[in-house]
Amino acid sequence: MVEKEIKSIDAATNEMLEKAAQEKVRTVFDRAAQMKPCPIGGEGSCCSNCAMGPCRVPLAKNKTETPEEHALRTGVCGATAETIAARNFARKIAAGTASHSDHGRRVVEAFKLMAEGKTKDFAIKDEQKLLKLALDLGVEIGNRKNEEIALDVAKVCEKEFGKQDGELAFIKNAPVKRQELWRKLGVVPRGIDREVVELMHRTHMGVDQDYKNIMLQGTRAALADGWGGSMIATEIQDCMFGTPTPTLSEINLGVLKEDMVNVIIHGHEPALAEMLAVESQDPELIKYAESKGAKGINLAGMCCTANEIMMRHGVPIVGNYLQQELAIVTGAVEAMVVDVQCIMQGLQEVARCFHTKLITTDERAKITGATHMQFDEHNPRESAKAIIKAAVDNYPNRGKNVRIPNIKTPLIAGFSHETINYLLGGLFRASYRPLNDNIINGRIRGLAGVVGCNNARTTHDGAHVAMIKELIKNDVLVLSTGCGAMAAAKAGLMVPEAAKQFCGPGLAEICETVGIPPVLHMGACVDNSRILIAATAVVKDGGLGDDISDLPAAGAAPEWMSEKAIAIGQYFVASGMYTVFGTTWPTLGSGEFTNHLFKDMEEMYGGKWDFQPDPVQAAKLMIEHIDKKRKALGIDKSRERVLYDMAMRRELDAV
Ligand code: SF4
Ligand code: MSK
């Protein structure tokens with residue numbers, strides 16, 4: 001675990017931390033300082049899978065431990081350090097897969113209601129995508145109405161969750177060679193729920209006690225996330241809410257408005273957020289807000305729900321994961337509306353110190369002390385209206401101690417796979433060809449997916465921004481999602497002008513020619529599936545090998561904290577991607593199991609895990625990997641990595 005020196009690299013965050021300290025409001029930053037992480041749990045060496053434990057099997061102090069001594073270091077049932085670390089790791093994959101996939105299931109349910117005409121407020125926004133999806137899923141198009149096609153698409157997707165055998169449908173979206181490898185290794189997912197249930201079973205006390213075998217099922221569950229639940233969520237959301245296209249917006253606490261009713265929507269699922277975006281513009285509700293003394297209604301987003309509505313509607317983003325409580329500390333938030341995932345329980349305690357109403361909206365995610373207003377998918381507009389009205393009613397309760405940091409940054413987001421295709425190839429010959437050509441000629445050195453959370457154990461946003469700057473300086477085009485994308489946006493890396501300032505000459509030239517930022521915002525956590533699709537499109541366009549593992553590409557989550565990040569990492573690795581995580585690594589208690597993830601997986605999948613808490617060093621590892629792949633492809637000529645001396649590094653940090 002790296003000790004952080006400063007709390008955040010973001011000035012707005014630091015300003016609100018000062019305000020919180022002055023007003024004696026306790027936030028995640030204070031709780032992290034007070035609660036030291038358990039070192040044994042942190043390295044995956046604690047098992048509490050049965051009531052004979054918890055059993056702790058930390059790494060041997062004696063580095064020259066003999067195999068016999070090692071065999072004696074077990075839990076009460078005899079489970080070894082390898083089994084315990086693997087079970088803990090696999091259960092994180094199960095939880096991450098379950099979270100993304102349950103999100104996907106909810107979206108399919110809303111889509112089905114829409115197709116059946118049982119909710120009038122949702123519609124098919126992207127007909128092209130619906131038809132493509134129908135073709136991919138074997139749904140008849142003919143002369144049928146869109147709603148009929150959508151209903152069959154919904155039914156096929158719904159079945160993906162409960163299927164007992166066969167293969168998940170979207171597995172066919174992967175490169176053919178990859179599909180064959182998965183079949184050979186026996187890791188093709190059969191049904192999403194089945195893989196999660198089986199993984200939970202196999203990691204129960206006394207079941208699977210061979211770490212390699214546990215990870216085969218861990219991989220199958222992770223693939224059921226990336227090429228299953230997450231991909232379903234992304235595809236159906238695009239059909240129903242629109243496929244994102246480049247959109248200009250703003251980010252950071254400065255998007256809150258002193259003279260308006262501020263409503264923040266926080267979490268992950270976009271259905272309610274979509275309706276809030278519509279209802280916040282409703283003239284009647286605006287008039288109602290004016291009757292309470294406000295100038296209007298200001299809707300803004302937090303975490304991945306923010307990414308969803310910013311990509312589709314340009315709704316501004318207040319901040320990422322570690323800023324959720326600080327938004328309330330401004331004293332200017334009438335309602336913090338939450339759905340599921342990444343919502344800190346600490347929000348309620350912070351909200352109690354201000355006038356903010358914390359509103360839960362999903363029966364799966366309630367918080368003691370919060371107000372619950374159930375979102376009704378049959379009547380989504382009515383639900384949204386009631387929530388906004390509650391926020392407006394709370395405006396007169398706002399205290400005098402309001403301080404909104406005057407800090408916000410513009411960003412351009414909305415780089416779905418389809419958009420990248422059009423931007424690079426043009427509307428009539430959409431293709432990845434120009435991207436592939438520029439990777440082959442070396443202007444673009446490679447691709448990096450930098451994704452994931454913030455973590456209170458490391459400087460807020462610091463690792464994301466340092467890693468991304470190092471990558472783009474070395475001509476690596478960055479694709480980003482989640483809270484990492486927001487960190488990049490706040491640092492000014494998501495506007496085309498950033499190319500000239502921060503990129504190496506090759507990448508800068510491409511960004512300037514096409515008019516794109518060097519860091520492409522691809523969406524929320526579930527939209528990491530867009531990165532899989534983009535990587536596959538690069539493979540299919542030709543010239544860069546015949547599998548994802550051949551590409552000069554790498555993945556990273558430098559500030560990860562969520563179990564979902566482990567599921568994402570495992571499906572990246574199993575899809576052939578070198579993937580490096582920062583902050584902390586949850587299997588260090590077992591050298592042998594860690595070796596399996598860091599070495600054996602490369603032989604199995606062509607991708608592997610790595611851990612490097614220093615973000616610049618981690619970026620260097622990614623660049624080394626990219627260069628290794630360029631060499632294997634025979635396109636390594638005239639590419640030298642830019643080596644920085646201290647003066648150059650200071651100059652880079654100053655911009
Ligand atoms: Fe201990 Fe084994 Fe029970 Fe885990 S399953 S708590 S290692 S006895
Ligand atoms: S919100 S999972 S902190 S990216 Fe998706 Fe951010 Fe990580 Fe949650």
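How close do the axes of helix α12 and helix α16 come, and at what angle do they cross? Before the answer, some ground rules. This is a predicted model, where local features need pLDDT of at least 70 and side-chain atom pairs count only at pLDDT 80 or more, while totals for chains, interfaces and linings use all residues. Residues are numbered from 1 along each chain as its sequence is written, chains are lettered from A and ligands numbered from 1 in the order in which they are written, and side-chain values use heavy atoms, with hydrogens and water left out.

Now the helices. Two packed helices are described by the angle between their axes and the distance between the axes. The axes of α12, residues 283-291, and α16, residues 380-394, come within 9 Å and cross at roughly 15°. That makes α12 roughly parallel to α16. For terms: helices are DSSP runs of H or I with at least four residues, strands are runs of E with at least two, and both are numbered from the N terminus. Axes are lines fitted to C-alpha atoms, for helices over the stretch in contact, and angles run from 0 to 180 degrees between N-to-C directions. Under 35 degrees counts as roughly parallel, over 145 as roughly antiparallel, 65 to 115 as roughly perpendicular, and the rest as oblique.

On the α12 side, Leu285, Tyr288 and Ala289 meet Lys385, Ile388, Lys389, Val392 and Asp393 of α16, contact being heavy atoms within 4.5 Å. By class this contact has five nonpolar, no polar and three charged residues. Ala, Val, Leu, Ile, Met, Phe, Trp, Tyr, Cys and Pro count as nonpolar, Asp, Glu, Lys and Arg as charged, and the others, Gly among them, as polar.

The next pair is α5, residues 81-115, and α9, residues 192-202, which pack at about 155° with axes 9 Å apart. That makes α5 roughly antiparallel to α9. Their crossing is left-handed. Residues making the contact include Ala94 and Arg105 of α5 and Val196 and Leu199 of α9. Its classes are eight nonpolar, two polar and three charged.

On to cavities. How many of 30 Å³ or more does a search of the whole structure find? Four. A cavity is a set of points, on a 1 Å grid over the protein atoms alone, where a 1.4 Å probe fits but cannot get out, and lining residues have an atom within 4 Å of a point. Grid points are joined across faces, edges and corners, and a volume is the space filled by probe spheres set on the points.

The largest cavity holds about 200 Å³. Its lining has 24 residues, with Leu435, Leu447, Leu477, Leu479 and Ala534 nearest the centre. Helix α23 gives the most, four residues. The lining has 23 nonpolar, one polar and no charged residues.

The second largest cavity is about 110 Å³. Of its 17 lining residues, Gly452, Cys453, Cys525, Ser562 and Lys564 lie nearest the centre. Here α24 gives the most, with three. Ten lining residues are nonpolar, six polar and one charged.

Last, the backbone. Most residues other than glycine have a negative phi, and most peptide bonds are trans. Gly53 and Pro54 are joined by a cis peptide bond, omega about -5°, and Pro54 is in the loop between β1 and β2. Gln341, not a glycine, has a positive phi of about 70°; that residue is in the loop between β7 and α15.

Methods. 1 Å grid on protein atoms, 1.4 Å probe; cavity = no way out; pocket = protein on both sides within 12 Å on 5 of 7 lines; lining within 4 Å. Left-handed = near helix turned anticlockwise from the far one by under 90°.
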